[in-house]
Amino acid sequence: MKNNQKRTQARPKRPQYALGRYRRSAVVVSSVFVFLVGILLVNAINLKKKKENYRQEQKELQIQIDAQKQRMQEIEELKEYVKTEEFEKEIAEEKLGLVDPDEIIFKPVK
C-alpha cells in the first residue's frame, strides 16, 4: 500500500481546464493578435487621412479645371470679337488716332 501511495503523490496535478495547460501559449498568441489589430487600426487611420487629402486635392483641381474652361470660353469670345469691324475701328482710333469724317475732336488747351 505504501508503494501505491507514493505513485499517486509523486504525480503532479494537472489543471482541469485546457487553457490552464497552455496558458503561456495563449497569452503569446493573444498578444500577437492584439499587436496585429493595433497595426491594422493605425494603418486604417492613415489611409483615411490620405483619402481626405486626395478628396481635397481633387476638389481644388476641379476648381482649376472649371476656371480654365471659363478662361477658354472668354478667349473664344475674344477671337470672334477680333474678327469684327468694330474691333478694327476701335484699334484704329486708339493706336493710329483715326476718326470718322463726321466726328468732332476736342483737344485740351495747354
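Figure 1. Leu36 is part of helix H3, where helices (H or I, at least four residues) and strands (E, at least two) are DSSP runs numbered from the N terminus. Leu36 counts as partly exposed because its relative accessible area is 47%; buried means under 20% relative accessible area, exposed over 50%, and partly exposed in between (1.4 Å probe, protein chains only). Together with Val28, Val32, Phe35 and Ile39, Leu36 forms a nonpolar surface patch with about 460 Å² of accessible area. Patches are made of residues with over 30% relative accessible area and no salt bridge, with like charges joined within 9 Å and nonpolar side chains (Val, Leu, Ile, Met, Phe, Trp, Tyr) within 5 Å. Accessible areas come from the Shrake-Rupley method with a 1.4 Å probe, and for residues only the protein chains shown count as cover.

The model is predicted: local features need pLDDT of at least 70 and side-chain atom pairs count only at pLDDT 80 or more, whereas totals for chains, interfaces and linings use all residues. Residues are numbered from 1 along each chain as its sequence is written, and side-chain values use heavy atoms, with hydrogens and water left out.

**Figure 2. The protein chain as a whole.** The secondary structure consists of four helices and zero strands, in the order α-α-α-α from the N terminus. Of the 110 residues in the protein chain, 1% count as buried. The accessible surface of the chain comes to about 11800 Å², and 58% of this area belongs to carbon and sulfur atoms.

**Figure 3. The salt bridge between Arg55 and Glu52.** The structure holds two salt bridges, a salt bridge being a side-chain nitrogen of Lys or Arg within 4 Å of a carboxyl oxygen of Asp or Glu. In one of them, Arg55 pairs with Glu52, and the closest N and O atoms are 4.0 Å apart. Both residues lie in helix H3 (residues 23-82), three residues apart, or about one turn of the helix. An α-helix has 3.6 residues a turn, so residues three or four places apart point the same way. Arg55 is partly exposed at 43% relative accessibility, and Glu52 is partly exposed at 47%.

**Figure 4. The salt bridge between Lys79 and Glu76.** The side chains of Lys79 and Glu76 form a salt bridge with an N to O distance of 3.9 Å. Because Lys79 and Glu76 are three residues apart in helix H3, about one helical turn separates them. Lys79 has 44% relative accessibility and counts as partly exposed; Glu76, with 39%, is also partly exposed.

**Figure 5. Helix H4 and the residue that follows.** Helix H4 has 12 residues and reaches 15 Å from its first C-alpha to its last, close to the 16 Å expected at 1.5 Å a residue; the expected span is 1.5 Å times one less than the number of residues. One of the 12 residues of H4 is buried, so the helix lies largely in the open. Just after H4, Gly97 takes a positive phi of about 75°.

**Figure 6. Glu103 and the patch of negative charge.** Glu103 lies in the segment after helix H4 (85-96) and is partly exposed, at 38% relative accessibility. Glu103 gathers with Glu86, Glu90, Glu93, Glu94 and Asp102 in a negatively charged patch on the surface. Asp and Glu count as negative and Lys and Arg as positive, while His and the chain ends are not counted. The place of a charge is taken as NZ of Lys, CZ of Arg, CG of Asp or CD of Glu.
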